[in-house]
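Here is a short tour of one protein model. Keep the sequence and the 3D view open while you read.

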Amino acid sequence: SATAPGLYIVEAPMGEGKTEAALAAAYQLWDRGHHHGLYFGLPTQLTSERIHDRLQPFLDRAITSDGARLTLVHGHAWLKDDLRILDVAPTLRSPDDFERIDARRWFTSSRRPLLAPFGVGTIDQALMATMSVKHAGLRLFALGGKVVVLDEVHSFDPYTGRLIDALVKRLLNLNCSVIVLSATLSTARRRELLEHGAGRTETNQSDAYPLLTVAHHGDTETQAIPFDPDPKLERRVGIDICPPDSEVPLAAAVEAAEAGAAVLIVRNTVALAQQTYDQLKSACRTGVDTGLLHSRFTPLDRDAIEIEWLARFGKGATTRGRCILVATQIVEQSVDIDADLLISDLAPSDLLIQRLGRLHRHRDNDPTRPARVRQARLILLDPLTGTEPDARAIKDALAPHHFIYPPYALLRSSARWRDLGGAIALPADIRQVIESTHAPLSDQPAAWAELQAQQDDQIQKKINTAQVRSNPLARIPPIDDSENNINFGTRWAGQSSALIVLCKSQPAGDGRRITFLDGDSHEVEFFCWSIDLAKALHRNAVKVPRWQIAEALPDAPDWLTQHISDAVIGIVGDGGEIEFQTTADLPGILKYDARHGARFWRIQKPSSTSADDEEDGWN
C-alpha cells in the first residue's frame, strides 16, 4: 500500500492492471492527506485521450466533491469542442503587438489546463517543468502537491529518459509522489530512476517479475516487493520470422482476415505503413476492411480513424473481425486493443513485447476466435540474415528502420528473438528476454562492436544534451512552450516538423475568406486573432518533416503566422496534389487524402536529412 510520499515503480505485464494499481495508490495517498491532485502522463496524445476516458469514472467514484472533472492536457486538447476556452480576441493594430498576442495564446495553451487538480495528458507537458522553457516555473508549480503517474517509461530513449530522471527528482523535492509504470523496464533503467531520480541505491536488487519497488522520502534503501501474476494471463505466442519482402506475411494477413480475424500490422515508418496499406487494398477480397493509422493525418481525419478502428479492436467490439489495420508505433502501448494476429517490423525487444500486448489481449483461447488464429501468433519482419559482412552492410540491411532505432539495438533484438525457438511465454519470459537483450557481450564480431561503439557515443551525446536542457542555471535560450511551437525539445529528434494547413481553394476575392479541406469556411481578419479560425487552422493541419516545405515557410502570410507558426497554406487538388503559394523550388511532390494521410514523392534527396519518414506523435 502507498503510505507516504515517494517514488513507486510498478513493473507488470501488459493488460494486468498497472493503471488501476496507480489509481489505487493515488487514492490512498489522497486519503492520508499527502496530496491533493493527479497528473497522469503518457507517451502520446492518442494514449492520453484513451486513458482520459477510463479515468473520469474513477474520479466520479473516488472524489465526491464538486469540481473533480478530469482535464485533458496536451498540445491539441484545446481543439476539443467540450473544453471551454475563453476567447479574448484582442484586436491587434500591429503584428508586433506581442503582449496581446501572448495574452490570447495563454488561453489556448496547455499551461492553464495543467493547473487543474486532476489532469491526464502527454508526459511532454510535465517534462517542460524541468527544462529551460519560458513557463517552466508555472508548470512545476502546477504539478506541485500532486500524485504524478508516468506511464510506459521504458519507451523513451536516453535523452528523454534523463529528462524524466530530472523531473522525478524535482517532483520528489516538492513532496510529490511519482508512480512509474512499465511492462518492460530493464534492471539498469530501474537503477537509473532510483539513483538519478530518488537519490537512492537499490540495495536489495530483485529479478522477480512482476515487481513493485518503493523509495520513500527519508528511507535509506528501497524495498522490492514481488507479487504473483494472474494465471489467466499466461499465454504462449508463436513466432514466425520472415524477411520484409517475403510474400508470406501479406498472404497470412489476408487469409486470416478472410477467415474472420482482426489483424494488426505495425510498421516502423509512415511510408512503410502506407505502402503496406496499398498492397492490402489490392490483395483483399470483398468483405475485408482495411485501415491505416499514423501521425500524418489532420486531427479531424485522425480522430475519425481512431474512433472507427480502435473501437473495432477494442473491448466489447460488436463489429470485430474480417479486418486489417496497418499502423505505426502509436498503437504499440497504452492502447486497449485486441488483435487475433500480429505482424510487426523488427524493433528493440522491449517495444516488440509491448506490441505483443495488443495480441489476444482480452480473450485468449476464446472459442469465438477464428480457428486459424486461436493460437496467438507474431510474424516478425526481420531484414537481417546473419550473413552481413560488416557494420555498413548491417546498416544498409536495416534501412529505413535504423533511422528510428539504433542499429545495434535492432541487431541484438534480432539475434535474441531468433534464439527464442519460435515461441515466447508471457509474462514468464519478459524479464529474461529484456535483460539478455541488454546484457553486455564478452565476445562479439567486430561489426557488432563497431555498431555498439556508435550507439554508446550517441547515448552519451543525448545524456549530455538532456543534462544541459534540464539545468535551470544553464545559459541557453529558453524554448518556446506555446502550442505554436511543434518542436518542444522533449524528444530527441533528428529533424524538426512543420505544418501544412490544407485548403480546398485559394483565399477568394479580396483574400479575406478561406475554405478549408473539411469544407469549413472562415473570414480572415488581418491583425485580429480568432479562436474559431485558430481551431479551423489546426484541425485542417497535417504535420510533415520540416525540410519538405522549408523553402515555402517564409512566404506564409502574416495572418497565418499570428494563429499558427511554422506553417504554410496548401491547396489540395482533385487528385490530392498539394500546391503552395510560393515561388520556391520544393524537393518533391506532396499529396493528401483521408485514407493515406500526407504522402511524399521525393525528387531529390537533401544531403542533411535521411529519416524523412520517421514516425513522431504530436505532443
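Start with a cysteine. Cysteine 323 is buried, as its relative accessible area is 0%; buried means under 20% relative accessible area, exposed over 50%, and partly exposed in between, with a 1.4 Å probe and protein chains only. Cysteine 242 is buried too, at 10%. How many disulfides does the rule count? The count is 0, where a disulfide is a pair of cysteine sulfur atoms within 2.5 Å.

This is a predicted model, in which local features need pLDDT of at least 70, side-chain atom pairs count only at pLDDT 80 or more, and totals for chains, interfaces and linings use all residues. Residues are numbered from 1 along each chain as its sequence is written, and side-chain values use heavy atoms, with hydrogens and water left out.

**The sheet**

An open sheet is formed by 7 strands, in the order 11-12-10-13-14-9-15, with mixed pairing. Strands (E, at least two residues) and helices (H or I, at least four) are DSSP runs, numbered from the N terminus. Two strands pair if DSSP finds at least two bridges between them. Strand 11 (289-293) and strand 15 (423-426) are the edges, each pairing on one side only. From one strand to the next, the twist averages 20°. Axes here are lines fitted to C-alpha atoms, for helices over the stretch in contact, and angles run from 0 to 180 degrees between N-to-C directions.

Helix 12 (residues 349-356) packs on this sheet. The helix touches strand 9 (235-242), strand 10, strand 13, strand 14 and strand 15. Its direction makes about 155° with that of strand 13. Contact means heavy atoms within 4.5 Å.

**Strand 13**

Is strand 13 largely enclosed or open? Strand 13 (residues 341-345) has 5 of its 5 residues buried, so the rest of the structure largely encloses it. In a regular strand, side chains alternate between the two faces of the sheet. Here both faces are covered. Leu341, Ile343 and Asp345 are buried on one side, and Leu342 and Ser344 on the other.

Strand 13 has parallel pairings. Strand 10 (residues 262-266) joins it through 4 bridges and runs parallel. Leucine 264 has leucine 342 as its bridge partner, and isoleucine 265 has isoleucine 343. Strand 14 (residues 377-381) also pairs with strand 13 in the parallel sense, over 4 bridges. There, isoleucine 343 stands opposite isoleucine 379.

**Aromatic rings**

A pair of aromatic rings is described by the distance of the centres and the angle of the planes. Rings of Phe, Tyr and Trp (its six-membered ring) pair if their centres lie within 6.5 Å; planes under 30 degrees apart count as stacked, over 60 as edge-to-face and the rest as tilted. The count comes to 5 aromatic pairs. Two of them are set out here.

| Pair | Centre to centre | Angle of planes | Class |
|---|---|---|---|
| Tryptophan 30 and phenylalanine 118 | 5.5 Å | 75° | edge-to-face |
| Tryptophan 547 and phenylalanine 600 | 5.4 Å | 85° | edge-to-face |

Tryptophan 547 lies in the loop between strand 19 (541-545) and helix 18 (558-563), and phenylalanine 600 in strand 23 (residues 597-602), so this pair ties together parts 53 residues apart in sequence. Tryptophan 547 is buried at 15%.

Tryptophan 30 belongs to helix 1 (residues 18-31) and phenylalanine 118 to strand 4 (residues 118-122), so their pair links parts 88 residues apart in sequence. Tryptophan 30 is buried at 12%, and phenylalanine 118 at 6%. Trp30, Phe58 and Phe118 form one aromatic cluster.

**Tyrosine 159**

Tyrosine 159 is found in helix 7 (residues 158-173). This tyrosine is buried, with 0% relative accessibility. Tyrosine 159 and tryptophan 492 are 333 residues apart in sequence, yet 6.2 Å apart in space, C-alpha to C-alpha. Beyond neighbours within four places in sequence, the contacts of tyrosine 159 include Met131, Lys462, Arg469 and Trp492.

**Backbone details**

Which bond joins tyrosine 209 and proline 210? It is a cis peptide bond, with omega about 0°. Proline 210 sits in the loop between helix 8 (187-197) and strand 7 (211-216). The bond from alanine 399 to proline 400 is also cis, with omega near 0°.

Asparagine 175 is not a glycine, but its phi is positive, about 65°. Asparagine 175 is partly exposed, at 41%. Histidine 360 also has a positive phi, near 50°, whereas this residue is buried at 1%.
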